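Please open the structure in a viewer that can select by residue number and show side chains. The tour goes from one selection to the next and says what is found at each stop.

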Amino acid sequence: MILYIYNKCSTCQNALKFLERKNVWFVRKEIVETPPSVEELRTMLDYVGGDLKNIFNTSGQLYREMQFTEKLKSMSKEDAILLLSQHGMLVKRPFLLGDDFGLLGFKEIEWSQKF
């Protein structure tokens, strides 16, 4: 599994603690330095029902500054995925991708169903 986090994000820190308590093995990546790949983003998009908005960090400063609420309405799926793969701060986090599942954001009840 790969866990993308932003170190200054308290939700990401809670996810890290949860996985460590459960003794779950994962590869940790800093989302700003190494955003998810186009392929990983496509996979996650499938896991979250295909709605692009689900994989964007809609509460993030960069999302608001770049006015994505409006831009997403006319942006192609491929353009949006390419942009996400280049700007980790636009990606909802924590971003956990397993062999046959994906989890975005951290909700302990939801994550407990997997681990």
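**Stop 1: helix α1**

Select Glu-20, which counts as partly exposed at 49% relative accessibility; on this scale buried means under 20% relative accessible area, exposed over 50%, and partly exposed in between, with a 1.4 Å probe and protein chains only. The model is a predicted one, in which local features need pLDDT of at least 70 and side-chain atom pairs count only at pLDDT 80 or more, while totals for chains, interfaces and linings use all residues. Residues are numbered from 1 along each chain as its sequence is written, and side-chain values use heavy atoms, with hydrogens and water left out.

Glu-20 is in helix α1. Helices here are DSSP runs (H or I, at least four residues), as are strands (E, at least two), and both are numbered from the N terminus. Draw a distance from the C-alpha of Glu-20 to that of Leu-96: the value is 14 Å, for residues 76 apart along the chain.

Ser-10 is also placed in helix α1. Its relative accessible area is 52%, so Ser-10 is exposed.

**Stop 2: two positive phi angles**

Next select Asn-23, in the loop between α1 (10–21) and β2 (27–30). Asn-23 is not a glycine, yet its phi is positive, at about 55°. This residue is exposed, with 70% relative accessibility.

Then move to Gln-67, in the loop between α3 (61–65) and α4 (68–74). Gln-67 has a positive phi of about 55° and is not a glycine either. At 56% relative accessibility, Gln-67 is exposed.

**Stop 3: a charge over a ring**

Show the side chains of Phe-68 and Lys-71. Lys-71 lies over the face of Phe-68, 5.6 Å from the ring centre. The criterion for a charge over a ring is NZ of Lys or CZ of Arg within 6 Å of the ring centre and within 35 degrees of the ring normal.

**Stop 4: helices α2 and α5**

Select α2 (residues 38–47) together with α5. The two axes come within 9 Å and cross at roughly 120°. That angle makes α2 oblique to α5, given that angles under 35 degrees count as roughly parallel, over 145 as roughly antiparallel, 65 to 115 as roughly perpendicular and the rest as oblique. Axes are lines fitted to C-alpha atoms, for helices over the stretch in contact, and angles run from 0 to 180 degrees between N-to-C directions.

Which residues of α2 and α5 make the contact? On α2 they are Val-38, Leu-41, Arg-42 and Leu-45, and on α5 they are Lys-77, Glu-78, Ile-81, Leu-82, Leu-84 and Ser-85. Contact means heavy atoms within 4.5 Å.

Leu-82 and Ile-31 lie 15 Å apart, C-alpha to C-alpha, and 51 residues apart in sequence.

Glu-78 of α5 is partly exposed, with a relative accessible area of 38%. From Glu-78 to Phe-18 the C-alpha distance is 33 Å, over 60 residues of sequence.

**Stop 5: a cis peptide bond**

Go on to Pro-94, in the loop between α5 (77–86) and β3. The peptide bond from Arg-93 to Pro-94 is cis, with omega near -5°.

**Stop 6**

How many aromatic pairs does a search of the whole structure find? The search finds 9. Rings of Phe, Tyr and Trp (its six-membered ring) pair if their centres lie within 6.5 Å; planes under 30 degrees apart count as stacked, over 60 as edge-to-face and the rest as tilted.

Select Phe-101 and Phe-115. Their ring centres are 6.0 Å apart and their planes are at 70°, so the pair is edge-to-face. Phe-101 is in the loop between β3 (95–97) and β4 (102–104) and Phe-115 in the segment after α6 (108–112), so the pair ties together parts 14 residues apart in sequence. Phe-101 is buried at 11% relative accessible area, whereas Phe-115 is partly exposed at 24%.
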